[in-house]
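Hi everyone, thanks for coming. I'd like to walk you through one structure today, so please have a look at it while I talk.

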Amino acid sequence: MKNFYEQFKTPLVTIAVIFVALFLYTRFAGPIPFSVNSVQTTKTDLFSANGEGKATAVPDQATIDAGVTETATTVSDAQNKVNTKAQKIINAAKTLGLTDKDIKTTNYSVNPNYGTGEIMPMMYPQRGGNNITGYTATQNLEINVKDLANVNKVIDTATQNGANLVGGTNFTFSDSLQTKLENQARQTAINQAKQKAQGLASAAGLRLGRVVNVVENSSGFPRPMMLQADSLAKTAESAPTNVTPGENTVTINVVIYYETY
């Protein structure tokens, strides 16, 4: 029986020769070229469908813009008049349950009046002179009312205590109610979009794959109600204010994107 060396001599020599040949080839001729074919496919066709959802409710809070404007021959007199009336309005509002955090100043300004009684005549130089005849001070307050039963009372109280500017009453949703309505409208919009997608895909002979994207747009917020000057005068003198919130609708629009087969 041949010994181990004699048995494997020929294969070992062959392997050694192959390695030496590969070494010499790569040493003088460079790397052995390999060819690899790569095919990459990306499916970019998407199918989309839109849906709209709505949720309606009565606003549960309001913001009232009220203010005071006064004219005097000196800056200090104009400011004193405005400050006194503004503080009176604030104190009266607190008797209705409002606190300091519910009332904030949104504007405080003092401007000179010129010859014709107009402010800043440089905007209309042909109308007046350069002589200052007095000063107008203005303070605007934003009053947040969380109990809608007090909205009309707050307006009446403000005008009765010196407010001669009422810019508007903005009925709004509290954060919790706004979130609740948005969730309701969003679910309706998504359900509608899914139903529409299934119907369109079926009619077109397509098979829907997974959802790859959802885009949302929202709208619908309570709008301010303006109180005109003649209404302001009537409020202060006779009939109480009767401002009602009505209803408002939150609208959510969504677009759902699918892969298709």
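**Salt bridges, a threonine pair and a helix face**

Let's start with a charged pair: Lys146 and Asp102 form a salt bridge, with their closest N and O atoms 3.1 Å apart. Lys146 sits in the loop between strand E4 (134-145) and helix H3 (151-160), while Asp102 sits in the loop between helix H2 (75-94) and E3, so this pair ties together parts that are 44 residues apart in sequence. Before I go on, please keep in mind that this is a predicted model.

Are the two partners buried or exposed? Lys146 is exposed, because its relative accessible area is 56%. Asp102, on the other hand, has 9% relative accessibility and therefore counts as buried.

The next one brings together the side chains of Glu142 and Lys104, at 3.7 Å from N to O. This pair also links distant parts of the chain, with Glu142 in strand E4 and Lys104 in strand E3, 38 residues apart. Lys104 counts as partly exposed, because its relative accessibility is 46%.

Now please move along to Arg186 and Glu216, whose side chains meet in a salt bridge of 2.6 Å, N to O. Arg186 belongs to helix H4 (residues 175-204) and Glu216 to strand E6 (residues 208-219), so the pair ties together parts that are 30 residues apart in sequence. Here Arg186 is partly exposed, with a relative accessible area of 23%, and Glu216 is partly exposed as well, at 34% relative accessibility.

Thr71 is placed in strand E2 (residues 61-72), and it counts as partly exposed because its relative accessibility is 44%. Which residues does Thr71 contact, if we leave aside its neighbours within four places in sequence? They are Lys81, Asn113, Tyr135 and Thr136. With Thr136 there is a side-chain to side-chain polar contact of 3.1 Å.

Thr136 has another partner here: its side chain also makes a polar contact with the side chain of Asn113, at 3.0 Å. Asn113 is found in strand E3 (residues 103-113), and at 7% relative accessibility it counts as buried, the cut-off being under 20%.

Val82 is 11 residues from Thr71 in sequence, and their C-alpha atoms are 8.9 Å apart in space. Val82 is one of the buried residues of H2, together with Ala78, Ala86, Ile89, Ile90, Ala92 and Ala93.

In general, an α-helix has 3.6 residues a turn, so residues three or four places apart point the same way.

And what does that face meet? The buried residues of H2 pack against E2, E3, E4 and H3. As for the helix itself, H2 has 20 residues and spans 29 Å from its first C-alpha to its last, close to the 28 Å expected at 1.5 Å a residue.

Notes. Residues numbered from 1 in each chain as written. Predicted model: local features only at pLDDT ≥ 70, side-chain atom pairs only at ≥ 80, totals over all residues. Heavy atoms only, no water. Helix = DSSP H or I, 4+ residues; strand = E, 2+ residues; numbered from the N terminus. Buried < 20%, exposed > 50% of the residue type's maximum accessible area, 1.4 Å probe, protein only. Contact = heavy atoms within 4.5 Å. Polar contact = N/O pair within 3.5 Å; in protein donor to acceptor, adjacent residues only side chain to side chain. Salt bridge = Lys/Arg side-chain N within 4 Å of Asp/Glu carboxyl O. Expected span 1.5 Å × (residues − 1).
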